[in-house]
Structure formats: structure tokens, C-alpha cells
Amino acid sequence: MSKWPLLLETIKLKNGSLLNLPFHQDRMDASREQLWKKRSGFILEEVVEIPASKKKGVFKVRITYGPNGFKQEIEPYTPSVIASLKLVYSNEINYAIKYADRSDLNALSNLRGECDEILIVKNGQITDTSYSNVAFYDGSQWWTPQFPLLAGTQRAKLISEGRIKERNIRPMDLNSFKGVKLFNAMIDLDQEPLISIKNIK
């Protein structure tokens, strides 16, 4: 498997249950088909093994995989506290497929300065942070960038439920919003604090 680029799925394990599995399975299958023309593969619900010691509490399940195999790791999960964001510009960054190699994202993250996290602008459009999708609140509706770097599984779920909508969001549009929240497979939109637009530098 090492000769192939490794891909990654991060799944939330909560009290013994793997959350949003259909969305993870769909993304994994689509990635396999795009890269290796092999849509059929392992079924997450069948292959992920949850030890008894991990059936209470919240954990992060990391699945790294190639065209012919996978590796499972289960790690404790500690959420980060994010209160400020730094706009970072890159037209070259590409993370449409969830690769295990995050070196390009990490390089951008190093530009955050005194802020807690970055908010990446590509081709004039706000996209994602280095590890999450984002949703902006205008006082009545949540909006997520139409063209994220990575179409996250939680993003797909929230869109399917009608809880967030897509639109183009440029840096010049930020003042039309009250704040922004970060979310991903591990981070629930409802439970995250609203980051003030004033804290986007």
C-alpha cells in the first residue's frame, strides 16, 4: 500500500457508535474510483473494530487506506479552542481528495501568526480552515462556501438536512455576517462557539 498515495477518513466514535458512516463511505468510494478506478472496496461498517475500552466517550477513528488495504487507529479526542482566524491566500492549494499527507495545509497553517487558525482564500473565494469547513451566520441563515477545499462529510450531512446553504463568500463579504463557526466530522456545528467577524484578521 505504501507505493500509493494514502487517503484518510476521520470518523467520530461516540459511546460505541460510528457517526455519519454513509457520508464517509460515499466519499471513500468516490475517491477510490477517481484515483484508482476501483469503487468497490471495504465497507466501513463491517471492518472497523471497536475495542471494549473505546465504547464509552468520544474518540477519533483514523482510517488510512490505499487501493488494496487500510489501517485503523483510534485516538482520544481533545477539541481545539479557536477564537481568531487569519486570512491566508493561496491559489495553488489543492485538497479536493482527503490525502493523509497534509504538508501543504500545514505550511499554510504556519502563516497564522498570533491567530489560532487560518481561513484559506483561493481564487478570491473563502474556502476552509486547515482542518474544517466553515459556516457563516447572517442573522437568520447559515452559509457555507460553495467551493470548499474539501467537501466534508458533516458538510454534506448539514446541506442534505437543509441546515446550511451554499454560496460564494469573498473576504469583502465578511462584514455582512455576524460570525463564523468551524465544523468537521469531529466538531458539531451546534456545539461550537460563534467566532466574531471582528476576530478574522
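This is a predicted model: local features need pLDDT of at least 70, side-chain atom pairs count only at pLDDT 80 or more; totals for chains, interfaces and linings use all residues.
Let me begin with the charges: the mean positions of the 29 positive and 23 negative charges of the protein are 2 Å apart, where Lys and Arg count as positive and Asp and Glu as negative, with His and the chain ends not counted, and where the place of a charge is taken as NZ of Lys, CZ of Arg, CG of Asp or CD of Glu. Residues are numbered from 1 along each chain as its sequence is written, and side-chain values use heavy atoms, with hydrogens and water left out.

Now to the overall form. With 201 residues, a compact globule would have a radius of gyration near 17 Å, and the protein agrees with that because its own value is 17 Å; the radius is taken over C-alpha atoms, and the globule rule is 2.2 Å times the number of residues to the power 0.38. Along its principal axes, the C-alpha trace spans about 45 × 35 × 35 Å. Of the 201 residues, 45% count as buried, meaning under 20% relative accessible area, with exposed meaning over 50% and partly exposed lying in between, for a 1.4 Å probe and protein chains only. The protein exposes about 10500 Å², of which carbon and sulfur atoms supply 48%, the areas coming from the Shrake-Rupley method with a 1.4 Å probe. Among contacts with a separation of 6 or more, residues 24 or more positions apart account for 60%, a contact being heavy atoms within 4.5 Å.

As for secondary structure, there are four helices and 12 strands, which are DSSP runs numbered from the N terminus, helices being H or I with at least four residues and strands being E with at least two. Four of the strands form an open antiparallel sheet in the order β2-β1-β3-β4, and two strands pair if DSSP finds at least two bridges between them. Which strands stand at the edges of this sheet? They are β2, residues 17-18, and β4, residues 70-76, each with a single partner strand, so one side of each is left without a neighbour in the sheet. Strand β1, residues 7-14, pairs with β2 in the antiparallel sense over two bridges, and the bridge partner of K14 in β2 is S17.

Let me turn to β8. Four of its five residues are buried, so β8 is largely enclosed by the rest of the structure. Five bridges join β8 to β11 in an antiparallel run, with V134 bridged to L182 in β11, while two bridges join β8 to β9, also antiparallel, with Y137 bridged to W142 in β9. The hairpin of β8 and β9 has four residues between the strands, and there G139 takes a positive phi near 110°.

The buried residues of α4, residues 153-160, are T153, Q154, R155 and L158, and what covers them includes β1, α1 (21-36), β8 (133-137), β9 (142-145), β10 (165-167) and β11 (179-183). Just after α4, G162 takes a positive phi of about 75°.

Within α1, one residue I would like to point out is S31, which is buried, with a relative accessible area of 8%. Not counting residues up to four places away in sequence, S31 touches L7, W36, Y65 and I97. From C-alpha to C-alpha, S31 and Y99 are 9.8 Å apart in space, although 68 residues separate them in sequence.

Are they buried or exposed? K37, in the loop between α1 and α2 (44-47), is exposed, with a relative accessible area of 69%. N123, in the loop between β6 (117-122) and β7 (125-126), is exposed, with a relative accessible area of 54%.
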